[in-house]
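Let's walk through a protein together, one piece at a time. Have the sequence and the 3D view ready, and follow along as we go.

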Amino acid sequence: MRFAPAAAALSLALAMTSSMSWAGQREPAPRAAVLITEGQAALNQGDTQGAIDAYEAALALDPGYTPIFLRLAEAARAERLQGKAIRYYREALVRDPRNLAAIAGEGEALVEKGAVEKAKGNLAKLESLCGSNCAETRMLSARIAAGPPPRVQTAEAVLPDATTPQAN
């Protein structure tokens, strides 16, 4: 009985904390917002490294602003670094597990990497959160239907192995 007030205070604090995380998206810090805009402009011009630099600087200024991770993931995908993009999407999902853009983006990166079955898990999660008609669900569904992109064969894969004897 003597712990009842402490337990009530703790449960109230936890309820307030958890409800605040669902309250809505906040704005980024002003300087971070400028850098995010610069990064988007660089990405639109095809300067993915410039975009990554701007987004990373914005993240350093405002590490609590989750959408920066989505931007970094988008830039990583443009560089064909799907593994890195997936890591950024997962960081966004740790911060906001119901982030539809992060779930869909991770699913698309998984398809691009060739992990179609894992991407279907993301699609199922999207369908349970927002239904089959939301934009993210339709986008990921179309990407899964299109399948993974064809693999680019590198010169190293074409060259004969130095350890195998050559026929003369």
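The charged end of R87 sits over the ring of Y88, 5.2 Å from the ring's centre. For a charge to sit over a ring, NZ of Lys or CZ of Arg has to be within 6 Å of the ring centre and within 35 degrees of the ring normal. Before we go on, know that this is a predicted model, where local features need pLDDT of at least 70 and side-chain atom pairs count only at pLDDT 80 or more, while totals for chains, interfaces and linings use all residues. Residues are numbered from 1 along each chain as its sequence is written, and side-chain values use heavy atoms, with hydrogens and water left out.

Stay with Y88 for a moment. A search of the whole structure turns up 1 aromatic pair. Which residues make it? The rings of F69 and Y88 do, with centres 6.5 Å apart and planes at 45 degrees, so this pair is tilted. F69 belongs to helix α4 and Y88 to helix α5, so the pair ties together parts that are 19 residues apart in sequence. As for the rules, rings of Phe, Tyr and Trp (its six-membered ring) pair if their centres lie within 6.5 Å; planes under 30 degrees apart count as stacked, over 60 as edge-to-face and the rest as tilted. Are these two residues buried or exposed? F69 is buried at 7% relative accessibility, and Y88 is buried too, at 11%. Here buried means under 20% relative accessible area, exposed means over 50%, and partly exposed is in between (1.4 Å probe, protein chains only).

Now look at the loop between α4 (67–78) and α5 (82–95), where you'll find R80. Its phi is near 65 degrees, a positive value in a residue other than glycine. Most residues other than glycine have a negative phi. R80 is also exposed, with a relative accessible area of 67%.

Zoom out, and the chain comes to 9 helices and 0 strands. Helices (H or I, at least four residues) and strands (E, at least two) are DSSP runs, numbered from the N terminus. Of the chain's 168 residues, 34% count as buried.

Helix α6 (residues 100–113) deserves a visit. With 14 residues, α6 reaches 20 Å from its first C-alpha to its last, close to the 20 Å expected at 1.5 Å a residue; that expected span is 1.5 Å times one less than the number of residues.

Leaving out residues up to four places away in sequence, K113 touches Q82, G83, I86 and R151, where contact means heavy atoms within 4.5 Å. K113 and R151 are 38 residues apart in sequence, yet their C-alpha atoms are 9.5 Å apart in space.

Last stop: the structure holds 1 disulfide. C130 and C134 form it, with their sulfur atoms 2.0 Å apart, and the cut-off is a pair of cysteine sulfur atoms within 2.5 Å. A disulfide is a covalent bond between the sulfur atoms of two cysteines. C130 is partly exposed, with a relative accessible area of 26%, whereas C134 is buried at 13%.
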